[in-house]
Amino acid sequence: MDWKFTDDRPIWQQLTEQLTLRILKGQYPPGERLPAVRELAAQAGVNPNTMQRALAQLEADGLAVGSRTAGRTVTQDHGVIEAAAKARARAAVADCLRVLSELGYTPSDALVFVKEELEHE
Amino acid sequence: MNEQLVTCTALTKRYSSKTALTGVNLELGRGRIVGLLGPNGSGKTTLIKILCGLLQPTEGAVLVDGSPVGPYTKSIISYLPDRMYFADWMKATDLFDLFADFYADFDRTKALNMCASLGVTPSDRIKSMSKGTKEKVQLVMVMARKAQLYLLDEPIAGVDPAARDFILNTILTNYNEEGTVLLSTHLISDIETVLDEVVFLKDGSVTLHDGVDSIREREGKSVDALFREIFRAHNMEGGAF
């Protein structure tokens, strides 16, 4: 998975989101050690200080656990990961509803669309 | 150890009739990657040359690691000029010997490793190298020093986009962590994610000095977009373009 950045927001926030997504998708499984700051920074083509800030946020969110000796690992607390996944899912739904409302559809229209889409599959 | 690595106070540089820098006040911390941004002729190269002692300021003072520019500051500054200054009959390895002689902090092994990853053959003569390869060799020599301040004047101007990514990566992975990198460029979008902070130079004055993410947070746009805005407005005021 490549790192992508948009112009309108701070880079560290976008890094935090993309790292979070990697954890939620299991690309960095629970308990696994995360690559070192410098390595991640080089992968993403960003400044190590920026990556450091993104990882600090990941720790603040409880998704990563820092240790002085062993580097940073992904949390083993499945509850935290699940909660983060749900938050992400709700945000995706909210985004979808926002787009539909801009097109003039109501939330009940949205439900119909979802049902139709599921039947279609 | 001084808190600020670089302090410029009321720095002015005049060349006979032309003023290149006007009252520049600038402080740079340690462990930062700083972009020195400005259109052509805004004073970027002049500022860098004053920091490394190649030019004397007309007025004002510069301190690097608490010392005025001199033999000590030169020993902790690694400078990449905007043009090649080596004899072209030399091989890259000859240059490495030269640098190992001159600078106690030059790491020959590191230089050779960087050559390998950049695809440069160090036993080739400079004369036989392409412009991009010469730039790579120069960059290798500069980054293979464990300096406190790296001054890179347009390090990515002459190379293709693939090499540009490679060079930025080389800078990112090789700079000394307590060291600061000051790099001048007008190709902002390519390097924006690499920078901690930016200094905008306009007509010889610092018009903005802020963190990249603070700018994005405050303005809701990239540094590149902000740069284009500021300097486009300037062109229209001048009306000459």
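The secondary structure of chain B comprises nine helices and 10 strands. Its radius of gyration is 18 Å, close to the 18 Å that the globule rule gives for 241 residues, so chain B is as compact as a globular protein of that length. Along the principal axes, the C-alpha trace of chain B extends over about 50 × 40 × 35 Å. When contacts in chain B between residues at least 6 apart in sequence are considered, 71% of them join residues at least 24 apart.

The largest nonpolar core contains 84 residues, and those with the most contacts inside it are B:Val140, B:Leu149, B:Tyr150, B:Leu151, B:Val181, B:Leu182 and B:Val199. Helix α5 of chain B, residues 131-143, supplies the largest share of this core, namely six residues. The surroundings of B:Leu149 can be described in detail: with neighbours within four places in sequence left aside, B:Leu149 is in contact with B:Leu5 and B:Val6, with B:Val64, B:Ile76 and B:Ile77, and with B:Gly179, B:Thr180 and B:Leu182. Of these partners, B:Leu182 is itself listed among the core residues with the most contacts.

Between the two chains, 17 residues of chain B are in contact with 15 residues of chain A. On the side of chain B that touches chain A, the elements giving two or more residues are α6 (161-174) and α8 (212-219) of chain B. By residue class, this side of chain B divides into seven nonpolar, five polar and five charged residues.

Helix α8(B), one of the elements named for that contact, has as its buried residues B:Val212, B:Asp213, B:Ile215 and B:Arg216. Seen down the axis of α8(B), these buried residues fall within an arc of 155°, so they line one face of the helix. The face of α8(B) turned away from the buried side carries the exposed residues B:Ser214 and B:Arg218. The helix is followed by B:Gly220, the phi of which is positive, near 65°.

As regards the confidence of the prediction for chain A, the mean pLDDT is 91, and 99% of the residues of chain A reach 70 or more. Among the elements of chain A, the lowest mean pLDDT, 86, belongs to strand β1 (residues 64-67), whereas the highest, 94, belongs to helix α1 (residues 11-24).

Conventions:
Residues are numbered from 1 along each chain as its sequence is written. Chains are lettered from A and ligands numbered from 1 in the order in which they are written. This is a predicted model: local features need pLDDT of at least 70, side-chain atom pairs count only at pLDDT 80 or more; totals for chains, interfaces and linings use all residues. Two residues are in contact if their C-beta atoms, placed from the backbone, lie within 7 Å. Helices (H or I, at least four residues) and strands (E, at least two) are DSSP runs, numbered from the N terminus. Ala, Val, Leu, Ile, Met, Phe, Trp, Tyr, Cys and Pro count as nonpolar, Asp, Glu, Lys and Arg as charged, and the others, Gly among them, as polar. A nonpolar core is a set of buried Ala, Val, Leu, Ile, Met, Phe, Trp, Tyr and Cys residues joined through C-beta atoms within 7 Å. A residue is buried if 20 or more other C-beta atoms lie within 10 Å of its own, exposed if 12 or fewer, and partly exposed in between; C-beta atoms are placed from the backbone. The arc is that of the directions from the helix axis to the C-beta atoms. pLDDT is the predictor's confidence in each residue, from 0 to 100. The radius of gyration is taken over C-alpha atoms; the globule rule is 2.2 Å times the number of residues to the power 0.38.
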